[in-house]
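Subject: Structure handover

Hi,

Here is the structure for your files. My notes follow below it.

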Amino acid sequence: MAVDRERVAALVRELLEAIGEDPDRPGLRQTPERVASAYAEFFAGVGEDATEPLAHTISVAQGPAPETLPSGAVMLRDIRFRSICEHHLLPFRGHAHIAYLPGEQVVGLGALPKVVDVIASRPQVQERLGEQVADAIASSLDARGVLVVLAATHECVTMRGGQQSDSSTVTIAARGELTNPIARAELIALLPARGLNRGGGHAG
């Protein structure tokens, strides 16, 4: 469902008036339209199918070495994401790290960031975001297990209230065999420490 830009712009104009500003002063005249365009981007995932990027899978058994099936995890680290917290409509951003234990089917690695992008482009909370990414992968692939680790900084924490500018939040969602703490710990040990300590910073 596309964002109603005209309606958003009208509401932003009303909001500016509500905080005591003059929406007709030079610096704010284009603000309603600018916010409407930004919201169209921020919330492009509303109503979209997050599993669609996973629709095309690759059969390992039909490849050049069909007798060699994956025995371990496939992990894609440091997927940058940004989302909008549904509690205060303030941004949070960071890195997603995704691992799965493939069965006979694997997916192109470029599909995983697309899943994150779709689900993050909705009003969100980090806890649900990771669970929804894990569910999308688990339901679309014949994966034996899925692990999604998100590390992010939240402007509702860094800019308001206690203003904890150095804080970051880490969440973990697991499915299948990767709900086992030992199996999960082995993969978490492969994640970059900097990416976990400072979700919005550079991971490496």
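In which loop does Q163 lie? Q163 sits in the loop between α5 (155-158) and β7. Helices (H or I, at least four residues) and strands (E, at least two) are DSSP runs, numbered from the N terminus. Q163 counts as exposed because its relative accessibility is 51%. The classes are: buried under 20% relative accessible area, exposed over 50%, partly exposed in between (1.4 Å probe, protein chains only). Q163 touches V157 and T158, leaving aside residues up to four places away in sequence. Contact means heavy atoms within 4.5 Å.

Some ground rules. This is a predicted model, where local features need pLDDT of at least 70 and side-chain atom pairs count only at pLDDT 80 or more, while totals for chains, interfaces and linings use all residues. Residues are numbered from 1 along each chain as its sequence is written, and side-chain values use heavy atoms, with hydrogens and water left out.

Overall make-up

The protein chain has seven helices and seven strands. Their order from the N terminus is α-α-β-β-β-β-α-β-α-β-α-β-α-α. The chain has 204 residues, of which 38% count as buried. Take the contacts between residues at least 6 apart in sequence: 70% of them join residues at least 24 apart.

The sheet

Five strands make an open sheet with mixed pairing. The order is β5-β2-β3-β6-β7. At the edges are β5 (123-124) and β7 (169-176), each of which pairs on one side only. Two strands pair here if DSSP finds at least two bridges between them. As background, strands of a sheet pair through backbone hydrogen bonds, either parallel or antiparallel.

β2 and β3 pair antiparallel over nine bridges. M75 stands opposite A99 in β3. The two strands, β2 and β3, form a hairpin with five residues between them. In that turn, L89 has a positive phi of about 55°.

On to the next pair. β3 (residues 91-101) and β6 (residues 145-154) run antiparallel, joined by ten bridges. H97 has V149 of β6 as its bridge partner. Y100 stands opposite V146 in β6. How enclosed is β3 by the rest of the structure? Largely, because nine of its eleven residues are buried.

Helix α3 (residues 111-120) lies across β2 (74-85), β3 and β5. Its angle to β2 is about 15°. Axes are lines fitted to C-alpha atoms, for helices over the stretch in contact, and angles run from 0 to 180 degrees between N-to-C directions.

Helix α4

α4 (residues 126-140) has 15 residues. From first C-alpha to last it reaches 22 Å, close to the 21 Å expected at 1.5 Å a residue. The expected span is 1.5 Å times one less than the number of residues. Buried in α4 are Q126, L129, G130, V133, A134, A136 and I137. Seen down the axis of α4, the buried residues fall within an arc of 160°, so they line one face of the helix. The arc is that of the directions from the helix axis to the C-beta atoms. The cover over these residues of α4 includes β2, β3, α3, β5, β6 and β7.

Helix α1

α1 (residues 5-18) has 14 residues and reaches 20 Å from its first C-alpha to its last. That is close to the expected 20 Å. Its buried residues are V8, A9, V12 and L16. They cover an arc of only 100° around the axis, so they are on the same side of α1. E6, R7 and A18 are exposed on the other side of α1. The cover over the buried residues of α1 includes α2 (31-42). Just after α1, G20 takes a positive phi of about 90°.

Cysteines

How many disulfides does the structure hold? Zero, with a disulfide taken as a pair of cysteine sulfur atoms within 2.5 Å. C85 is in none, and its nearest cysteine sulfur, in C156, is 4.3 Å away. C85 is buried, with a relative accessible area of 5%. C156 is buried as well, with 15%.

Best regards
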